[in-house]
Amino acid sequence: MLGWLVVAAVLSVATAGLLWARRHLLLVAVVGRSMEPTLRSGDRVLARRLPLARVRPGDVVVVVAPARMTAGHPTRPDASGGPGLLIKRAYAVPGDPVPVDRVPLLRQGGERVVPTGRLVVLGDNPSQSYDSRECGYIPEPDVLGVVVRPRLRAD
């Protein structure tokens with residue numbers, strides 16, 4: 001009887017641990033060249049789910065890909081059409097000056113500082129990156145987390 005209680009306790013702790021990990025961590029595969037040389041296609045990163053208030057300029061973040069307009073219809077950078085994810089560097093957070101020199105698209109809004117609930121992201125490889133230069137601000141609900149462990153690659 002004691003053996004079954006130990007097994008049940010171990011399973012309970014393991015289940016609680018898995019639920020915690022799923023709620024707080026995100027494993028994402030890097031696809032494309034937008035974050036080279038920092039990250040390469042095929043790398044995997046571990047991100048911790050954090051609110052926008054905990055994101056700092058320079059953090060590598062995982063965000064839901066904003067829709068692009070193609071022939072008048074929104075599409076995602078993810079070929080599956082689902083809510084693709086992007087891995088980018090946080091460039092400016094709420095309260096920071098709007099970086100109109102790096103992101104001219106943001107001039108249209110007329111704000112002097114990044115608004116509350118918004119984030120500016122840029123890829124490390126500008127010529128290969130879909131980021132705030134094309135889509136503007138990333139809204140807070142689309143910020144999923146901050147990369148805490150880059151390059152989970154075996155090579």
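Me: How much accessible surface does the protein have, and what share belongs to carbon and sulfur atoms?
Reply: About 9400 Å², with 58% belonging to carbon and sulfur atoms. Accessible areas come from the Shrake-Rupley method with a 1.4 Å probe, and for residues only the protein chains shown count as cover. This is a predicted model, where local features need pLDDT of at least 70, side-chain atom pairs count only at pLDDT 80 or more, and totals for chains, interfaces and linings use all residues. Residues are numbered from 1 along each chain as its sequence is written, and side-chain values use heavy atoms, with hydrogens and water left out.

Me: What percentage of residues counts as buried?
Reply: 32% of the 155 residues. Buried means under 20% relative accessible area, exposed over 50%, and partly exposed in between (1.4 Å probe, protein chains only).

Me: Now the fold. How many helices and strands?
Reply: Two helices and nine strands. Helices (H or I, at least four residues) and strands (E, at least two) are DSSP runs, numbered from the N terminus. The elements run α-β-β-β-β-β-β-β-α-β-β from the N terminus on.

Me: What is the strand order in the open sheet?
Reply: The order is 1-2-9-3-6-7-8, seven strands with antiparallel pairing. Two strands pair if DSSP finds at least two bridges between them.

Me: Which strands stand at the edges?
Reply: Strand 1 (25-29) and strand 8 (138-139). Each has a single partner strand, so one side of each lacks a neighbour in the sheet.

Me: How many bridges join strand 2 to strand 9?
Reply: Three. Strand 2 covers residues 44-48 and strand 9 covers residues 143-149, and they run antiparallel. Ala-47 has Val-147 of strand 9 as its bridge partner.

Me: Switching topic. Which residues does UniProt list for "active site"?
Reply: Ser-34 and Lys-88, from an unreviewed entry. UniProt positions are given in the numbering used here, feature names are shortened, and annotations may be inferred rather than shown by experiment.

Me: Where is Ser-34, and is Ser-34 buried or exposed?
Reply: Ser-34 sits in the loop between strand 1 and strand 2. Ser-34 is buried, with a relative accessible area of 11%. Its contacts (heavy atoms within 4.5 Å) include Lys-88, Asp-124 and Ser-129.

Me: And where does Lys-88 lie?
Reply: In strand 6. Lys-88 is buried too, with a relative accessible area of 2%. Not counting residues up to four places away in sequence, Lys-88 touches Ser-34, Met-35, Asp-59, Val-60, Val-61, Val-121, Leu-122, Gly-123, Ser-129, Tyr-130 and Asp-131.

Me: What domain does UniProt give, and at which residues?
Reply: The unreviewed entry places "domain: Peptidase S26" at residues 9-101 and 110-148. Residues 110-148 are 10% helix and 33% strand, with end C-alpha atoms 34 Å apart.

Me: Salt bridges next. How many?
Reply: Three. A salt bridge here is a side-chain nitrogen of Lys or Arg within 4 Å of a carboxyl oxygen of Asp or Glu.

Me: What does Asp-124 meet in a salt bridge?
Reply: Arg-89, at 2.8 Å, N to O. Asp-124 lies in the loop between strand 7 (118-122) and helix 2 (132-135), and Arg-89 lies in strand 6 (residues 85-92), so the pair ties together parts 35 residues apart in sequence. Asp-124 is partly exposed at 25%, and Arg-89 is partly exposed at 24%.

Me: Which residue does Arg-133 form a salt bridge with?
Reply: Asp-131, with the closest N and O atoms 2.4 Å apart. Arg-133 is partly exposed at 21%, whereas Asp-131 is buried at 1%.

Me: And Arg-33, which partner there?
Reply: Glu-36, with closest N and O atoms 3.3 Å apart. Arg-33 is partly exposed at 44%, and so is Glu-36, at 24%.

Me: Last topic: which residues touch the most other members in the largest nonpolar core?
Reply: Val-55, Val-61, Val-63, Leu-119, Ile-138 and Val-143, in a core of 15 residues. A nonpolar core is a set of buried Ala, Val, Leu, Ile, Met, Phe, Trp, Tyr and Cys residues joined through side-chain atoms within 4.5 Å. Strand 3 (60-64), strand 6, strand 7 and strand 9 each give two or more residues to this core. Another core lies apart from it, with eleven residues, among them Met-35, Val-45, Val-60 and Val-62.
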